[in-house]
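The sequence and the coordinates are shown first.

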Amino acid sequence: MAAFPSVEWFDDVRNIFNNEDSFRGGGGGQCNCVAGIKVGNEIFVLTFEGFECAGARQASLGDLDEVDFYLDMEILEWQAMIENIRQNGHAGLGYTLNTLDLDRDERLATSVHGDQYREDLFFRYNQTLQYFFDASSRIATEFAR
Amino acid sequence: MAKAVKAAAKAVKSPHADTVRKAVAAPMLEIPEPKLTWMNKSRQWGVRVKPGKKGLTLGSLNVGIYGEIPMDWPDQTRNPRGAIGRKGMPPVGYMLRSKAEVWADSAADLYEEAIQRRWAPATDVPWNTVKPLPDDLERAVCQVSTELSQYANVEIEVISAWQHQMVYGYHEVKQYLATAGFDAARHYEVFRKRALINGGGLGLEGAGQVNRMILESRGGWTEAVVYLVLVRGLFVQTILRYLEQYAYNEAERFIYRNVMQDKARLLTYGLDHLKFAIAHNEDQKQIIATLLAIGDGLFIRDFNDPVLREALAIIFGGSIDGARGAGMDVYHDMMRAYISTHLEYCQWLDVPRRVPEPLEQYAPQD
């Protein structure tokens, strides 16, 4: 069982996401962006290329300068989202990426560079990013507290 | 003549055999030797573009002379960029012949993305998840669907009205806009379907001042983009984001999320185009600021019309009663989000912007 957050956890999710054909149609599809994941002080970088999430790596705060956008939440907020996804098979009403972005004083999706064009990739690929996290419903997760 | 006889022999069993036999027998039939002079007509021959990770994309074809995209395109014919024009072709009369009037670097990628990420309302939306709603809620959803459907129709008309005015030299933009028109047609379709699937129906036509402003903008495509993207586009995108949050079933959530994604491409094109236009016309920033100030008056007229506001508040609050408290609170949040995003876009474009007085309540405090 992979622990969240870890490269192993993201690799397990990638494995499901990359091999699920249903994520490639119905508004999903090719996705080309580099997304940062900030869990408290821990940073991960996900690279999406074509139909796949091509890589996940642990990174440092400085690496966020390079990503198109990053998703920033505290560990307990990430945990609530992942547990909700696990319960429903996909994100429930209060836990979609869009809703989480709207509900917070500081946005979920943000960037260091402030380049609106690159930040908007979060919306252009929203369905695919949601599919990625929804894929986590099919793995068992343990949370390091 | 030998070729004609051969052809006749081949055709002997066809229903036209008699006609062919008669034609061959007649002394008039001559098949001229081919001249093939067109075979040497190419500005650049021997091009071999290889498919990359994303396939053989439109943008990847921009190699050699085929990638030359000049700032002005005086050719007024339908000659594809890179081909040799025929002499004596009558001009079509395109109005938009300068790159600064239409271009966005992202157009080719957005075109590919739109095709790749298409979806079909008829079959992709999980319509079976739509269940009966209380009457007030169903009426509100239908009213909002009516207005969003109307907005989409305006988008189709505006895009197509300008697209055919653009020269072929900037085909990436024309092609992307073809997909944007198709996206808008899909949105018109899907909101109409939502209104008609659950025992409701279409509601009241929207107030339409902004519709008219976008449809009647005559100052060029860039002006239309200002209204279509910075005003209407961002407003609709914000509504969709909130509707996704307050969706009543999986079908609605799927619709809002996917329309939002389609709309994000149009916003990206618009932002990219405005940035390009600004970079190539020193007066452009001020022109955009003036257009926005003019547009404020009409936006506020639509804003003052209670229909959309009430319908949204009912959806957000869950009922007419809920609309009075929580529903209106969410509506105000939504307006704050719209103004805030609108200002961020203007700031990114470095366009000076002042929030008009009736909307000041929604402006960020800092």
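## Helix assignment and B:Glu113

Helices are DSSP runs of H or I with at least four residues, numbered from the N terminus. The model discussed here is predicted. In chain B, helix H4 spans residues 107–116 and contains B:Glu113.

B:Glu113 has a relative accessible area of 7% and is therefore buried. Apart from neighbours within four places in sequence, its contacts are A:Arg124, A:Tyr125 and B:Arg265. The C-alpha atom of B:Glu113 is separated by 20 Å from that of B:Leu228, the two residues being 115 residues apart along the chain.

## Packing of H1 and H6 in chain A

Two packed helices are described by the angle between their axes and the distance between the axes. For helix H1 (residues 7–18) and helix H6 (residues 126–134) of chain A, the angle is about 115 degrees and the axes are 8 Å apart. The crossing of H1(A) and H6(A) is right-handed.

On the H1(A) side, the contact is formed by A:Phe10, A:Val13, A:Arg14 and A:Phe17, and on the H6(A) side by A:Thr128, A:Tyr131, A:Phe132 and A:Phe133. Classified by residue type, the contact of H1(A) with H6(A) has six nonpolar, one polar and one charged residues.

## Aromatic pairs

Over all chains, the structure holds 27 aromatic pairs. The pair of A:Phe17 and A:Phe23 is stacked, because the ring centres are 5.8 Å apart and the planes lie at 25 degrees, under the limit of 30 degrees for stacking. Both A:Phe17 and A:Phe23 are buried.

A second pair, B:Tyr176 and B:Tyr269, is tilted, with 5.5 Å from centre to centre and 35 degrees between the planes. B:Tyr176 belongs to helix H7 (residues 171–196) of chain B and B:Tyr269 to helix H10 (residues 250–279) of chain B, so the pair ties together parts that are 93 residues apart in sequence. Both of these tyrosines, B:Tyr176 and B:Tyr269, are buried.

One aromatic cluster in chain A includes A:Phe10, A:Phe17, A:Tyr131, A:Phe132 and A:Phe133, as well as A:Phe23 and A:Trp78.

## Cysteines

How many disulfides does the structure hold over all chains? The count is zero. The sulfur of A:Cys53 has its closest cysteine sulfur in A:Cys31, at 8.5 Å, which is too far for a bond, given that a disulfide requires sulfur atoms within 2.5 Å.

A:Cys53 counts as buried because its relative accessibility is 0%. B:Cys142 is also buried, with a relative accessible area of 3%.

Terms used:
Residues are numbered from 1 along each chain as its sequence is written. Chains are lettered from A and ligands numbered from 1 in the order in which they are written. This is a predicted model: local features need pLDDT of at least 70, side-chain atom pairs count only at pLDDT 80 or more; totals for chains, interfaces and linings use all residues. Side-chain values use heavy atoms; hydrogens and water are left out. Buried means under 20% relative accessible area, exposed over 50%, partly exposed in between (1.4 Å probe, protein chains only). Axes are lines fitted to C-alpha atoms, for helices over the stretch in contact, and angles run from 0 to 180 degrees between N-to-C directions. Helices (H or I, at least four residues) and strands (E, at least two) are DSSP runs, numbered from the N terminus. A crossing is left-handed if the near helix is turned anticlockwise from the far one by less than a right angle, and right-handed if clockwise. Contact means heavy atoms within 4.5 Å. Ala, Val, Leu, Ile, Met, Phe, Trp, Tyr, Cys and Pro count as nonpolar, Asp, Glu, Lys and Arg as charged, and the others, Gly among them, as polar. Rings of Phe, Tyr and Trp (its six-membered ring) pair if their centres lie within 6.5 Å; planes under 30 degrees apart count as stacked, over 60 as edge-to-face and the rest as tilted.
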